[in-house]
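Hi everyone, thanks for coming.

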Amino acid sequence: MSTRLDPAPRLPFPYRPEAEVVATTLQQLQGRLDWPAVVAQARPWVQAVREQPAPFWALESLLREYPISSSEGLALMRLAEALLRVPDAETAIALTADQLGRAEFDGEGGPAEGPHKMLAQISASAIALSKRFLPESDNPPGLLQRLGSRTVVAATVRAIQLLGRQFVLGRSIGEAMDEAAAQRKAEARLTFSYDMLGEGARTERDAERYLASYRHALRAIAGGRMASSPMAADGISIKLSALFTRYEDAQRERVAAVLLPRVRQLVDEAAAANLNLTIDAEESDRLELSLALFEALAAHIAATHPAWQGFGLAVQAYQTRALAVVDEVARIAREAPCEGGLRFMVRLVKGAYWDGEVKRAQEAGLPGYPVFTHKHHTDASYLACAARLIEHHAVIYPQFATHNAGTIAAIVQMAQRQGAAFEMQRLHGMGEGVYREVLAATPVACRVYAPVGEHRDLLAYLVRRLLENGANSSFVHQLADAAVAPEELLASPLGAATRTQAAPALPLPVALYGAGRANSTGADLACVAQRAPLETAVAMTHVAPPPMDTPADVDAAMQRLHRGFEAWHQRPLAERAAILRAAGDALDARLPEFCGLLVKEAHKTLGDCVAEVREAVDFCRYYADQAEQRLAEQELPGPTGERNTLRLKGRGVFVCISPWNFPLAIFAGQVVAALVAGNTVAAKPAEQTPVVAARFVELLHRAGVPADALALLHGLGETVGAALVAHPHTAGVCFTGSTQVARLINRTLAAKDGSIVPLIAETGGLNAMLVDSTALPEQVVDAVVQSAFRSAGQRCSALRLLVLHEATADGVIEMLQGAMAELVVGDPAQLATDVGPLIDDEAFAALSAAVQRLEREARLLGRTPVDTAAFPRLLAPVAFEIGRIAELKAELFGPVLHVVRWGPGQAAKTVDEVVAQVNALGYGLTLGVQTRIDTRAERIAAAARVGNVYVNRNMIGAVVGVQPFGGEGLSGTGPKAGGPHYLYRFCAEQTVTINTAAAGGNAELLAGLA
Ligand SMILES: Cc1cc2nc3c(=O)[nH]c(=O)nc-3n(C[C@H](O)[C@H](O)[C@H](O)COP(=O)(O)OP(=O)(O)OC[C@H]3O[C@@H](n4cnc5c(N)ncnc54)[C@H](O)[C@@H]3O)c2cc1C
């Protein structure tokens, strides 16, 4: 059965003003809560837990002693996240030394008193001990020290394992079920929802493995019997991102074709055994997609198991759309195509990815946040959703997952008033004390979310829990802190929400840069309302290249610009800056139109287009601000009787020559920098992409740049470009492109008579990413795929050389092969496309030949399958292994990745050798570093002769004013584009010294002394 997942949105716009959403939330709660009664019920629970902590109090106590915001807490988190996966002793020692080196564990950590301090003390003592014996730095220690270090690292590993064990019910489902049975003996009202731990799948093999482990768990739980009801039986929780590598809105068709049948299989097995199967909630950009899947599955259940009531979904209350999600699930239940509809389970959570959601919205320049920004707004939303779930109890069995005593008491009271059946839920290893009291005081049932897995799979989950336990705002953290009074701990979120509803706690993404310039507007491509205008613009755009200019046109333009210079550079700086800002605002408002042009002319994917338009907008606003700050006249100190003034002014006609790979952003960056500094500009776009450049020039003219201050000259580099560079009126050249052409321009300028003309050149790179064995393979592979293959590798910052530590190389390569196999190469106008075509036939022929050479000379590691008929000039992303760094000779400007190993058995044995060999390639643009050893990252950055170093992330997409971009050596002359020193290079400087005492004497001095 094939199903289409309807893309029509079911939910309101995710970025509505927070105030508006909070108002609806509070309305929902009106008259439903008696908060003093809530406090009266919850206060004894809080007191009892504080007086008699639960056995697993270790982590709470440890994090109270060493909060996540302290260097010790951070060290703990870093070690917990990375240490257990490091296979080689040398690196494990370096990591432990590095992290403990910055912390002050005293060995006496943990609670000062109470019967449950032992575990906390063991952990803290082990860590303190480790610290004492470890080498000071990342340098390889001596033999004796090393023996000591190994023991100490083993102790630290043990401590981390102890912490981790708190959160895992068992290493296998069998072990977990045994443990569950033991716990149920002590408390019969406990049920369990097992969660098979792991990262999201990056390869098809991972996804199949997860599917098998979910199926195995379901069979084990069912044990061949049919449960009496899903409410009474144990069940499982599944993560859709584990079952399919591309669980993304942009991949709806594949989600329907691949993921849906997998989940259907699990649903069938859970239904047959009458168990509960709940789909975990993940990131907000998957919310609509998850509901579409949920409805498709509901239709299947209606057709096959209409009596089953165990199908469930987790709903995150921190999302501004939470109430609508609850209603939508109820609607799907009621309208399910079977007699009487269906009944679902809904697990209400607050949400585990708050920090990530905030970061994504800021980075992407979204119109708002998809989540609340005040903790008490989330708390209020949770209660409003709870009230609504209880209203829908005929079609929904509500499951309330929270460790917050106030929230629990409020829910118990609301549900009891309505006589609704429900259950509470907690995470294994958390909230045990509170639930001990709740179960003793009320008849409610409680389900435990029970992670199952080996230590290796636990790490990401453990870090989430550490963050949750360690965050100041979190209930469990405050509960462990006796200094927080019960009144404060149980304060009503409604009162607080009423007070703050108008003001978000964080500046909106547009206000990211504070009082200065506005952040450029992005678009959430997973949101139909945001995506539709872009898709319409793409469909409506057709580009027709204009005729090329001739050398005579060049001369005429240069004469005109030369004449226009005086008037333009005399314009007050504030006027020039205002024109740029107006241009930036106009471009910001025309995002769809420019995306359409970029897709059609430069064959860029929609995501790349949005990023590019934003970069151009940022350039306009940033350089306007920079000009006013840095190019203003300055009075210089000097002797009395004299005034010294430094002025920066335009040089004359600046020639700006830009490439096709960023036909808007680089073009705009060069042109507006030159203009705002007071130059007139002859702008030559790449011959492949004149239309988008022309449209931007038109926009600049409309914003107020005079016709004789800016001219566009379209043509070949050899003719129009050469004529511009050689022209006698050329006062400066700004060039981005190949090192070869930059050299040619440099020579032409040097050979010219007349004034000496400065050149700003930004050229290519042989960019490497250095990965050590502390790095998380999933993060590495994500960063590699984005850096090497996004934009079909046609970025000067793109990754060309991946340098993997030998201890983890095989695993990373295998994951990379799997991830490459999942990429979609095709028509860039299609939302699903990850990698578009090469720019032209010439590039395609050259790259194809280079790949053929590599096929002969290197070891092919992986290649993305491509339907070459889908679009012209599609080159499959490909990776080759080479023996030595030095084998890399020339930049291949396409989706071709080289991989090399480093480590004791390789040509480059140490980090220092890798960096030296990468430096020796002569380029110096970008470098990626993937390590959890902070001192190592710092050392690499210091030794690397590159312009941009990116640690533990991808290495593309530099943001204006945030990551000023540009390199050294063969990669360019500097200064960095989008940085504070860029504009100076476009200026001539003048010092004016006036002898103010010339007319007879120093009147000022004498007057002052009188
Ligand atoms: C059984 C169970 C299953 C779970 N399944 C999922 C799941 O599928 N998906 C998922 O995302 N999470 C899931 N979680 C994790 C859950 O989101 C957290 O445990 C929960 O948010 C903690 O809430 P609390 O009421 O216990 O604690 P509280 O301390 O009262 O609340 C903490 C929560 O408040 C929110 N918050 C914190 N600061 C702010 C702020 N400034 N502005 C707005 N909100 C803020 C965050 O959501 C944070 O997690 C699950 C939890 C349980 C118990």
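Let me start with a cut-off: a residue is called buried when its relative accessible area is under 20%, exposed when it is over 50%, and partly exposed in between. Please also keep in mind that this is a predicted model.

With that cut-off, take Trp660. Its relative accessibility is 18%, so Trp660 counts as buried.

Now look at where the two partners come from. Trp660 is in the loop between β11 (653-657) and α27 (665-676), while Phe893 is in the loop between β19 (878-881) and β20 (896-902), so the pair ties together parts that are 233 residues apart in sequence. While we are on aromatics, there is also a cluster made up of Phe619, Tyr622, Tyr623, Phe654, Tyr982 and Phe986.

Let's move over to the ligand. Which residues come closest to the ligand? Of the 30 residues that surround it, the closest are Gly351, Thr378, Thr402, Glu468 and Phe475. By class, that shell has twelve nonpolar, eleven polar and seven charged residues. Several elements contribute at least two residues each to the shell: β4 (311-316), β5 (344-349), α15 (375-391) and β7 (423-427).

A backbone N or O atom of Gly351 is 2.6 Å from a ligand oxygen, and a polar backbone atom of His403 is 2.7 Å from an oxygen of the ligand. Trp354 uses its side chain instead: an N or O atom there lies 3.3 Å from a ligand nitrogen. How much of the ligand does the protein bury? Taken alone, the ligand exposes 940 Å², and the protein buries 92% of that.

My last stop is Gln530, in helix α22 (residues 528-540). Is Gln530 buried or exposed? Its relative accessible area is 15%, so Gln530 is buried. A polar atom of the Gln530 side chain lies 2.9 Å from the backbone nitrogen of Asp524. Leaving aside residues up to four places away in sequence, Gln530 touches Phe13, Leu366, Pro367, Gly522, Ala523 and Asp524.

That's my tour, and I'm happy to take questions.

Methods: Residues numbered from 1 in each chain as written. Predicted model: local features only at pLDDT ≥ 70, side-chain atom pairs only at ≥ 80, totals over all residues. Heavy atoms only, no water. Near = heavy atom within 4 Å. Polar contact = N/O pair within 3.5 Å; in protein donor to acceptor, adjacent residues only side chain to side chain. Areas by Shrake-Rupley, 256 points an atom, 1.4 Å probe, with all protein chains shown as cover. Helix = DSSP H or I, 4+ residues; strand = E, 2+ residues; numbered from the N terminus. Nonpolar A, V, L, I, M, F, W, Y, C, P; charged D, E, K, R; others polar. Buried < 20%, exposed > 50% of the residue type's maximum accessible area, 1.4 Å probe, protein only. Contact = heavy atoms within 4.5 Å. Phe/Tyr/Trp six-rings, centres within 6.5 Å; stacked < 30°, edge-to-face > 60°.
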